[in-house]
Amino acid sequence: MKPFRADSLDAMRGLTIAMMVLCGTIITTVLPLWNSHCQVPPTGFDPSIYGITWVDLVFPFFLFAMGAAMPFSVGSRMGRGVRPVTLGLESVWRGLKLAFFAIFIQNCYPWVVAGAMGREAGPGIWTVTIVAFLVLFLLFGRFPGNHSRAFNTGIPVLGFVLACAMMGWIESHVSLPQDFLSTDPGWFAIIDRHVDSILYKSNIIILLLANMAAFGTVIYVVTIGKPVARLAVLPFLMAILLGKDTGGSWQQAVYGWSPFPWLYQFEFLKYLFVVIPGTIAGEYLRGWIMKGGAGNQDSESKRAVSTAMVAILSLTLIVVNVSLLYGRHMTWNLFISAALSALTVYFANRMPSDRCVLGHLVKAGAVALMLGLFFEAFQGGIRKDDPTFSYYFTTSGLAFYCLAMLVIVCDVYRWRRLSAPFTLAGKNPMIAYVAPTMCINPILNILGIGDGLYGFWAQSWVTGLSRGIIFTVLSIALAAMFSKLKYYWRT
């Protein structure tokens, strides 16, 4: 069966990765507060703050795109006759590889290496991080061209051995607590303590993605072709989350149980409220592309205004919700969002049959968004940290609108000059994610133009924003370059 790919989905991944790099590299202390996580302003974490900023959309949008990709990856493999059991096992294996990625990059971040070595970051520390970045090419790289099975197996194994050796070498410099050493532990206990130290240092964002890749894909495989059954998982998940604080309940026991706390915690599953709606969007999108809807311009002139209005209104809904929820204008936001959603559905219903996917996406987005806004007052208000149910549903709804907008840009009109950098970067999101910390910044520091210029970047909002834009452009360009060379990092 011919593989199908949606440029809009790649662009959504690339766009969210660009936003992720941007919000992680701008100087937030010289920028307005809405450029930070709403509950994590530059002054520190404050859970009493409610609302969201554009930064709070980044992670759920990426999770949504992950869910939307499952019908393409899993659906294509099922079309080639791969058994569901095999697909389930492969999803678990993919989750484990992502978890290793999370552990390895966290242990090799320059500030972690510097802490282990007990000294300030310098050329040696930056070099270690760059070497770790290169090892990732062996671990997860898919080299262009045809290669032997020995090559395809041996290169990742070599990368795994080198990665473990690097983490072991870095950890060997860590001094164990004196109270532990005073118990006269044996060599096995010492090794076990060091291994635990390595395993519990992981990038939480990637670890969450690893759990979603495993559990989300298994749920999708079991419910493929049964979207109602898939959505039915969510009320039961909600019941456990709502009952977890009841002492002595089985919900509390399930929530607190984990055979490997460094790898899995039940609380990670809350993001299925974003991933599962994403799979619904992915099914709409894949079905439409398989029917030849992408790039069909037969009725362009007839419905050009309606198509443009769907894109404009989708973007407007995202901007309005972020702005009004951040400003805590909940009533105004509810009525304005309802009116804009109704208008978006109206224009989507005027689409010809070859653009039916837009109607599906905006209708699903309207339902999810309204559900999120109706939940807004529950748990005190919408909040990312700690996330509320309003946050899950609202961001899922806005993600539907974001995907609808990108379908128009990338799959209907194919404005490649506008979308190409994000589409290419979206095919290599792992490279784009680690490039600022493990490649670009270390190289700049070795050249003497890295962190030493922090004072310059922190002078004003112009320089503080410029730093983020420079890092983002370089990261997206690096990921796009490897995509052009047909070299990808894959789990």
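Is Cys108 buried or exposed? Hi everyone, let's start there. Cys108 is buried, because its relative accessible area is 0%, and buried means under 20%, exposed over 50%, and partly exposed in between, using a 1.4 Å probe and protein chains only.

A quick word on the model. It is predicted, so local features need pLDDT of at least 70 and side-chain atom pairs pLDDT 80 or more, while totals for chains, interfaces and linings use all residues. Residues are numbered from 1 along each chain as its sequence is written, and side-chain values use heavy atoms, leaving out hydrogens and water.

Back to the cysteines. Searching the whole structure for disulfides (pairs of cysteine sulfur atoms within 2.5 Å) turns up zero. For Cys108, the nearest cysteine sulfur belongs to Cys164, 11 Å away. Cys23 has Cys38 as its nearest, with the sulfur 14 Å away. Cys23 is also buried, at 19% relative accessible area.

Val92, Trp93, Leu96, Val218 and Val222 make a nonpolar patch of about 460 Å². Patch residues have over 30% relative accessible area and no salt bridge (a Lys or Arg side-chain nitrogen within 4 Å of an Asp or Glu carboxyl oxygen); nonpolar side chains are joined within 5 Å, like charges within 9 Å. Areas come from the Shrake-Rupley method with a 1.4 Å probe, and for residues only the protein chains shown count as cover.

Which helix gives the most to the nonpolar patch? Helix 3 does, with three residues. Helices here are DSSP runs (H or I, at least four residues), numbered from the N terminus. Leu96 sits in helix 3 and is partly exposed because its relative accessibility is 38%.

How values were computed
Helices (H or I, at least four residues) and strands (E, at least two) are DSSP runs, numbered from the N terminus.
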